[in-house]
Every structure is written in structure tokens, then in C-alpha cells.
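Biologist: I would like to check each label against its cut-off. Let us begin with what counts as a contact.

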Amino acid sequence: IFEGRDAAGKGSTIKRFIEYLNPRYFRVVALGVPTEEEKNNWFGRYERYLPKAGEIVFFDRSWYNRAVVEPSMGYCSENQYMDFMENVSTWEENIINSGTILIKFWFSISKEKQETRFKMRQDHPLKYWKFSPNDAKVVDKWDIITKYKNQMFSKTSTPTSPWIIVNSNDKKIGRLNAMRYVLSVVDYEGKDSSISE
């Protein structure tokens, strides 16, 4: 899963991951605004998209919207937030125990870098659409997002399912480090460990 602040490079990193993959064996999941039913069955919303055997699923944002974005923006209730925080680690352990490899990336950028990327989006003739009304709102919510992000790390980064923080101020280096990490934890034929150091 690929999480992080807006403009942290989640989507562009997924794009590099999938560039040379066989399209039969992967999916990219980027869900829109949840329905009322999905808001009240949060884990069920994502369970239908989990990978089948032999498949890779890239979540461009994930169930962790409920841990950071939703409470920061007032999109969920306190009870919904608390229910998520109390149950997500057990839910993930069940996924992992079923044989799924779960990797949780948080792409980290500085406030200044986010502001620069937002400005570039607004001025770019092909990327202006990437600057959403939500992006405009998050600019003033840096501190509250930081608060929820830190709570998420402290409560949901476990030995079984740790958060992997990727410094993404330099997108290219961030992408390479994410790829190296995946190569380091997945077994595959002809593995060369020096590539993933």
C-alpha cells in the first residue's frame, strides 16, 4: 500500500513499479469517495480488492484513509476512527496469516516540497487536474495531519506489519528505495541481494 501526504509521489512510484510488469498479474486500486454503506463497513470496502494467489495489488491510498485523511478533514466520526484504530492490526494480521505479503509504505515529504509540487501542478498544462479541491484544503492542515500520522505510526506499525517510511523529497531516490525494499523482502528465483541493499 502507498500512503503519504498529497503530492508525496505515491502514484508516480506505482507507475514505475508496474511499468514492466505483466498486466495479467497486477491491479492498481485507487478508490473514490466511499458510499454510506462503505463508510460503515470500512474493511469490507477493501477486502474485495485484496490480491488473489499469484497477484500483486497496488493500493494508491488504502484503508489507512480512515487513520489520517478522514479524521483530519472531518470525513468520519470519532467512533469510526477509534473502531478502525482498534481493529486494523488484527485485520492485517489475518491477511498476512492467509499468505499475503503486505507492505505498507509511507512517502514522506517536507511542507516546503509539498507546496512546491502543488504550485507545479497548478501551473502545468498537463497536470493541472491533479490539483484537487481537497489539495487546497490540506495546505492549512499540515499540523493536524502530522498528529494523526504519528498516532497511526505508533498504534499500527507492528512487528508483523511495520510501516516503511520512504523519504520522497527526491522522487527518483524515493522510488528506487521503495523498489529495493520490495526486492529485499520478497523471495524470487535468481534473487541478487546486492540489488536490494
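Modeller: Contact means heavy atoms within 4.5 Å. The model is predicted, so local features need pLDDT of at least 70, side-chain atom pairs count only at pLDDT 80 or more, and totals for chains, interfaces and linings use all residues. Residues are numbered from 1 along each chain as its sequence is written, and side-chain values use heavy atoms, with hydrogens and water left out.

Biologist: Which residues is Gln-80 in contact with, leaving aside its neighbours within four places in sequence?

Modeller: Gln-80 is in contact with Lys-39, Asn-40 and Arg-66, once neighbours within four places in sequence are set aside. The C-alpha atoms of Gln-80 and Trp-42 are separated by 8.8 Å, and these two residues are 38 residues apart along the chain. Gln-80 lies in helix α5; helices (H or I, at least four residues) and strands (E, at least two) are DSSP runs, numbered from the N terminus.

Biologist: What makes Gln-80 count as buried?

Modeller: Buried means under 20% relative accessible area, exposed over 50%, and partly exposed in between (1.4 Å probe, protein chains only). Gln-80 has 19% relative accessibility, so it counts as buried.

Biologist: Why is the pair Glu-55 and Arg-27 called a salt bridge?

Modeller: A salt bridge is a side-chain nitrogen of Lys or Arg within 4 Å of a carboxyl oxygen of Asp or Glu. For Glu-55 and Arg-27 the N to O distance is 2.8 Å, so the pair meets the definition. Glu-55 lies in the loop between α3 (42–47) and β3 (56–59), and Arg-27 in strand β2 (residues 26–29), so the pair ties together parts that are 28 residues apart in sequence. Arg-27 is partly exposed, at a relative accessible area of 24%.

Biologist: How many salt bridges does a search of the whole structure find?

Modeller: The search finds 8. Among them, Lys-39 and Glu-36 meet at 3.4 Å, N to O. Both lie in helix α2 (residues 36–40), 3 residues apart, about one turn of the helix. Lys-39 is partly exposed at 21%, while Glu-36 counts as exposed at 55% relative accessibility. Another salt bridge joins Lys-191 and Asp-187 at 4.0 Å, N to O. Lys-191 counts as partly exposed at 28%, and Asp-187 as exposed at 70%. Glu-3, Asp-6 and Arg-61 are linked in a network of salt bridges.

Biologist: What is the nearest side chain of opposite charge to Lys-149, which is buried yet has no salt bridge?

Modeller: That side chain is Asp-143, 9.8 Å away. Lys and Arg count as positive and Asp and Glu as negative, while His and the chain ends are not counted. Lys-149 lies in helix α8 and, leaving aside its neighbours within four places in sequence, is in contact with Arg-5, Val-68 and Trp-106.

Biologist: How do you know that the buried residues of α8 are on the same side?

Modeller: The buried residues are Trp-142, Ile-145, Tyr-148, Lys-149, Met-152, Phe-153 and Thr-156. They cover an arc of only 140° around the axis, which puts them on the same side of α8. The arc is that of the directions from the helix axis to the C-beta atoms. On the other side of α8, Asp-143, Ser-154 and Lys-155 are exposed.

Biologist: What span should the 15 residues of α8 have?

Modeller: The expected span of a helix is 1.5 Å times one less than its number of residues. For α8 this gives 21 Å, and its end C-alpha atoms are 21 Å apart, which agrees. Helix α6 (residues 111–123) has 13 residues and reaches 19 Å from its first C-alpha to its last, close to the expected 18 Å. In α6, Gln-114, Arg-117, Phe-118 and Arg-121 are buried. Their arc is only 105°, which puts them on the same side of α6. The face turned away from that buried side carries the exposed residues Glu-112, Met-120 and Asp-123.

Biologist: Which residues have the most contacts inside the largest nonpolar core?

Modeller: A nonpolar core is a set of buried Ala, Val, Leu, Ile, Met, Phe, Trp, Tyr and Cys residues joined through side-chain atoms within 4.5 Å. The largest has 30 residues, and those with the most contacts inside it are Phe-59, Trp-63, Tyr-64, Phe-84 and Met-152. The elements giving two or more residues to this core are α3, β3, α5 (78–97) and α8 (142–156). The largest share, 6 residues, comes from α5. A second, separate core of 14 residues includes Phe-26, Ile-103, Val-166 and Ala-178.
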